[in-house]
Amino acid sequence: MKDIRKEYHIYLKLERGLSENSVLAYEQDLQKLVDYFNEAQVGHPIEDATYEDLEAFVYSQFSGNTSARSQARILSGIHSFYRFLLYHNYRDDDPSELIEMPRKELHLPSTLTLEEVNKLVEAVDLSKAEGHRNRAMMEMLYGSGLRVSELVNLKLSDMYRQEQYMLIHGKGSKERLVPISPEADKWFDYWLEDRGHLTIETGQEDYAFLNCRGHQLTRMMVFTIIRRLAAAAGIKKTISPHTLRHSFATHLLQNGADLRIIQQLLGHEDITTTEIYTHVDIHDLRKAILQYHPANQQ
């Protein structure tokens, strides 16, 4: 079993190209199945599991208050393991094939209005040393829909500013080209002037955004910057860098952009992930009807 688990680790990391965090999550979910087999004294290892074994495991795990999202994540890990066994000829069948995934609850992402985005961006104090950097970051998060991890890992060598594109390294080592908005490009120029006065640590020279000590910014620092800007702008919503990404996608859709284009810009592998923004738009339409239709003004 240990050798198979080791091969599975390599499969997740190299063949599927998953990040360290994703690999760890898959292996932790598989460990839940191992623990269940041990506690239930099933009598054979998990690689020899039957459909009935997995059905009993699912019942033991999901008969409590486990959310549909957590259930889906665990089952995704189980499906992945048995597909690995099948594709690598450890089994002739996939016992997890008929185990159904639960329906996930629909969580509409929090977004900002265009007015709120403008307030947030304008709350940047340009008189401070980090002012131009923070303004450029806000413009890139909202203007290009980057994840915070993509922003902090962005490198100068991946920015083709003459062509106004960036090469973004997204989830699962997936790469995509994303346009640099004119506003982001303008403020990045100002930041580069300030950046040139920093003493940059060895090995950090290629990172686009640095802290005052010349070191790569952390995700948590970007979270902190945005929350401080929200407070300064008087925005009461709880927001994060991902709120700007959601706002980017929602505003594109509201202004007529094709869903497939938004999918490509966001780096979503599956169009169904992007389709949540159609629900956001429908939600806004419903609010508009309730607020402005004369039949609801009584």
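Predicted model: local features only at pLDDT ≥ 70, side-chain atom pairs only at ≥ 80, totals over all residues.
Modeller: Residues are numbered from 1 along each chain as its sequence is written, and side-chain values use heavy atoms, with hydrogens and water left out.

Colleague: How are the planes of Tyr8 and Phe84 arranged?

Modeller: Rings of Phe, Tyr and Trp (its six-membered ring) pair if their centres lie within 6.5 Å; planes under 30 degrees apart count as stacked, over 60 as edge-to-face and the rest as tilted. The centres of Tyr8 and Phe84 are 5.3 Å apart. Their planes stand at 50 degrees, so the pair is tilted.

Colleague: Which helices hold Tyr8 and Phe84?

Modeller: Helices are DSSP runs (H or I, at least four residues), as are strands (E, at least two), numbered from the N terminus. The pair links distant parts of the chain, 76 residues apart. Tyr8 is in helix H1 (residues 2-15) and Phe84 in helix H4 (residues 68-87).

Colleague: Is Phe81 buried or exposed?

Modeller: Buried means under 20% relative accessible area, exposed over 50%, and partly exposed in between (1.4 Å probe, protein chains only). Phe81 forms an edge-to-face pair with Tyr82, 5.1 Å centre to centre and 75 degrees between the planes. The relative accessible area of Phe81 is 0%, so Phe81 is buried.

Colleague: Which residues of the largest nonpolar core touch the most other members?

Modeller: A nonpolar core is a set of buried Ala, Val, Leu, Ile, Met, Phe, Trp, Tyr and Cys residues joined through side-chain atoms within 4.5 Å. In soluble globular proteins, nonpolar side chains tend to be buried together. The largest core here has 48 residues, and those touching the most other members are Met138, Met140, Met166, Phe209 and Val222.

Colleague: What is Val222 in contact with, leaving aside its neighbours within four places in sequence?

Modeller: Contact means heavy atoms within 4.5 Å. With those neighbours left aside, Val222 is in contact with Met137, Leu141, Val148, Leu151, Val152, Leu217 and Pro241.

Colleague: Arg73 forms a salt bridge with Asp29, so how far apart in sequence are the parts tied together by the pair?

Modeller: A salt bridge is a side-chain nitrogen of Lys or Arg within 4 Å of a carboxyl oxygen of Asp or Glu. For Arg73 and Asp29, the closest N and O atoms are 3.0 Å apart. Arg73 lies in helix H4 and Asp29 in helix H2 (residues 20-39), so the parts tied together are 44 residues apart.

Colleague: Is Arg73 buried or partly exposed?

Modeller: Asp29 is buried, with a relative accessible area of 2%. Arg73 has 39% relative accessibility, so Arg73 counts as partly exposed.

Colleague: What separates Arg135 and Glu139 in helix H6?

Modeller: Their side chains meet in a salt bridge (3.0 Å, N to O), and both residues are buried. Because Arg135 and Glu139 are 4 residues apart in helix H6, the separation is about one helical turn.

Colleague: Where do Arg176 and Glu150 lie?

Modeller: The side chains of Arg176 and Glu150 meet in a salt bridge (2.9 Å, N to O). Arg176 counts as buried at 8% relative accessibility, and Glu150 is buried at 4%. The pair ties together parts that are 26 residues apart in sequence, because Arg176 lies in strand S3 and Glu150 in helix H7.
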